Amino acid sequence: MHTSRLKFTLRRYWANERINYCIRVLIALVGVALPCWYFQASTEVTPLVLGIIAAALAETDDSLQGRLKGLAMTLICFMVAAFSIELLFDFPWLFAVGLFCSTFGFIMLGAIGARYASIAFASLLLAVYTMLGAANSPNLWYQPTLLLAGASWYGLLSISWQLLWPNHPVQQSLAAVFSEFSDYLECKSRLFDPVGNLNPQPLRLAAASQNARVVTALNNAKATLLSRARRAQPNQRGDRFLQIYFLAQDIHERASSSHYRYQDLAAAFQRSDVLFRFQRLLTHQAQACRDISYALAMGKPYHHSADSVKALDELQESLLYLKNQHNVEWRSFLTQLEYLFQNLATVERQLSNVSNPDVAQTGSDTELADTEARSMQDRWARLKSQLKPDSMLFRHAIRMAVALTVGYGCIQALELERGYWILLTTLFVCQPNYGATRQKLVQRVVGTLAGLLIGMPLLYLFPGQEGQLVLMVLAGVLFFAFRTVRYDLATGFITLLVLFCFNQLGEGYAVILPRLGDTLLGCLLAVLAVSFILPDWQAKRLHKVMAAAIATNRDYLGQIIGQYRIGKKDSLSYRIARREAHNTDAQLSTAISNMLAEPGRYRMATEECFRFLTLNHAMLSYISALGAHRTQLNDEQTHYLVAQAHRQIHGHLDCLAEQLNGNHCVQAPQSDLELEQRLAQWRDEDNTSVTMVLQQLHLIQRMLPELHSLANKLAARTRKDAQPPAHSDQPGQA
């Protein structure tokens with residue numbers, strides 16, 4: 001009994017992605033610490049450990065072949081970075097020029113893809129690590145060789161891991177999708193509170209924020225699956241995971257659907273239990289998603305709970321009871337609840353079939369949209385497309401290159417012996433936008449201070465090499481454990497690791513005060529760079545993100561309307577349009593959050609931005625409902641009416657995108673009162689598919705006037721705020 005329980009506990013911890021990652025780092029660090037201790041190689045341990053850290057930060061998920069290519073590219077970049085530092089270290093002017101050019105070049109590599117961005121950052125980090133020990137390096141080859149040896153050791157360990165557990169990253173990425181789904185369904189369930197004065201905007205905003213996390217998880221899962229496919233077609237072994245991914249996409253479309261205005265439903269049924277039952281069903285389905293996430297992570301089959309099925313049956317009985325009341329006032333509302341019930345019943349069926357995804361397969365098109373640059377021509381085209389001043393990546397590259405070069409100038413001017421911590425801090429803290437930089441700055445200072453305060457007594461309590469090597473390994477593992485979730489703790493642990501590393505060289509106490517001063521100076525440089533060197537204030541580009549969100553909603557709607565004539569088909573073009581609509585909605589939510597972290601004088605029309613986000617997410621939800629219920633309509637009169645309504649909505653969305661982009665819209669389509677009356681009349685008729693389509697189009701039409709009003713205000717405010725005022729630093733002033 002105890003043995004089986006222990007095995008289960010170990011397997012559960014093994015399934016945790018962060019723990020799995022930390023075990024790999026632990027093996028790598030122990031693999032260099034033990035030989036160095038045995039052979040008394042105290043000076044070699046530091047560059048070996050730093051090489052491992054840089055290689056672990058450069059690591060991205062990929063297939064075996066991709067990992068081999070990635071490791072080769074990483075080692076080449078590391079070699080260039082390390083040897084260039086060693087060669088130019090004694091020539092300050094050449095060093096400064098080389099530092100500027102290499103920083104700009106490495107960051108621009110991120111234009112090619114996420115893998116290149118990780119390798120570029122790790123290469124810059126390794127360059128700074130080389131600077132830290134360059135003064136004590138006995139020859140040109142000593143330090144680069146050890147750094148590359150540490151990186152190679154971790155790379156080989158990572159490849160061995162891939163050989164032993166090839167599907168573990170896929171399982172983890174899909175598990176993350178369903179984990180985020182569970183939180184999203186919880187957010188959606190709060191919209192079904194049956195209160196008469198329901199204000200849906202805060203709940204919509206919370207749902208939009210969580211939807212952004214779902215979209216990120218889906219994109220990560222797709223990248224993981226795509227890295228294991230050839231020419232966007234999965235191999236036979238990955239078919240099951242691919243079908244689960246497509247199932248997750250369909251569940252997302254249904255979960256993000258809205259079939260009516262929640263405040264109207266709450267007012268109509270505030271004396272009934274039916275909305276409570278919808279809420280209860282969504283809560284059970286959220287729990288089912290958590291169970292699926294756990295089963296996927298553990299590699300176990302999923303068994304659907306009877307509680308969720310019971311909640312669905314009780315909801316159906318509640319709806320039947322309300323229909324039997326024959327209340328005329330409820331007629332149209334009950335129709336909306338019927339659509340919602342059908343949608344959630346389909347979600348229930350899909351959740352129950354996760355262990356048998358072929359049963360719930362929605363289409364035969366299993367091609368994934370491959371957005372990676374595969375050829376040298378594609379890579380160069382991507383790089384060239386970012387070499388322009390309005391590119392965020394280009395601006396960040398210039399900003400970082402200037403900040404690091406100025407940091408190096410400070411080291412030379414002040415004759416700082418260990419001043420390269422300034423560059424290290426700037427590299428970590430300086431982010432592409434002000435909000436992220438400010439957050440990293442606070443976490444970096446707090447973490448560094450905590451690490452130094454804890455490190456001093458630890459150096460005194462553990463003066464021997466053995467104890468310090470153990471603490472160094474533990475600090476390195478904990479750095480990677482908290483790096484993505486608690487950067488302040490991660491900074492504290494990496495500070496401890498560095499203290500122990502330099503204590504192996506007899507400089508433990510000597511680096512404590514310089515480390516704190518250099519951290520503060522590096523943070524100052526990062527803030528000044530992001531504030532004054534080609535700053536990317538979100539308010540100045542927010543209108544473009546809004547325009548993109550409207551345009552992708554328009555394209556998604558167009559794909560759906562076409563399928564009401566030809567029938568449902570989850571084609572690649574349809575899935576691309578759906579994913580782009582959700583991506584831009586997530587980007588809008590993130591951009592507004594980033595804007596709120598910026599100084600008050602750089603914010604723009606906060607209330608209007610939140611209202612626009614609410615309406616855009618609501619529109620996407622209405623469009624998603626149309627996508628969830630796709631079916632072929634055969635009546636020509638219905639097709640004519642749908643085409644009329646869609647043509648008018650399409651024209652409005654075109655005009656909105658033009659308004660937000662700063663272009664003068666020729667003229668918004670005139671409202672067709674007769675068309676609106678016909679939509680409303682059809683909406684009251686008891687004809688399932690036709691009623692639902694026209695109802696959703698009518699809901700979209702109703703929000704267009706407010707969207708036009710907001711677009712006019714935001715476009716005018718963008719022009720007015722093109723140059724920020726010289727005073728008024730109060731938050732929310734806009």
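This is a predicted model: local features need pLDDT of at least 70, side-chain atom pairs count only at pLDDT 80 or more; totals for chains, interfaces and linings use all residues.

Modeller: A residue is called buried when its relative accessible area is under 20%. E598 has a relative accessibility of 1%, so E598 counts as buried. Its place in the chain is a loop, the one that runs between helix 23 (572–596) and helix 24 (606–628).

Now the surroundings. Setting aside neighbours within four places in sequence, E598 is in contact with Y434, D536, W537, Q538, A539 and R603. One of these, Q538, also takes part in a polar pairing: the side chain of E598 reaches the backbone nitrogen of Q538 at 3.2 Å.

Five cavities of 30 Å³ or more are counted. The largest cavity has a volume of about 210 Å³. It is lined by 17 residues, and E59, R67, G70, L71 and T74 are the closest to its centre. Helix 3 (42–58), helix 4 (64–88), helix 6 (114–134) and helix 7 (142–164) each give two or more residues to that lining. By class, the lining holds seven nonpolar, six polar and four charged residues.

Last, confidence. The chain has a mean pLDDT of 83, with 88% of its residues at 70 or more. Residues 231–237 stay under 50, and the model has 14 contacts for them beyond four places in sequence. Residues 723–734 are also below 50 in pLDDT, with 19 contacts beyond near neighbours in sequence.

Notes. Residues are numbered from 1 along each chain as its sequence is written. Side-chain values use heavy atoms; hydrogens and water are left out. pLDDT is the predictor's confidence in each residue, from 0 to 100. Contact means heavy atoms within 4.5 Å. On a 1 Å grid over the protein atoms alone, a cavity is a set of points where a 1.4 Å probe fits but cannot get out, and a pocket is an open set with protein on both sides within 12 Å along at least five of seven lines; lining residues have an atom within 4 Å of a point. Grid points are joined across faces, edges and corners, and a volume is the space filled by probe spheres set on the points. Helices (H or I, at least four residues) and strands (E, at least two) are DSSP runs, numbered from the N terminus. Ala, Val, Leu, Ile, Met, Phe, Trp, Tyr, Cys and Pro count as nonpolar, Asp, Glu, Lys and Arg as charged, and the others, Gly among them, as polar. Buried means under 20% relative accessible area, exposed over 50%, partly exposed in between (1.4 Å probe, protein chains only). A polar contact is a pair of N or O atoms within 3.5 Å; within protein, one must be able to donate a hydrogen and the other to accept it, and residues adjacent in sequence count only if both atoms are side-chain atoms.
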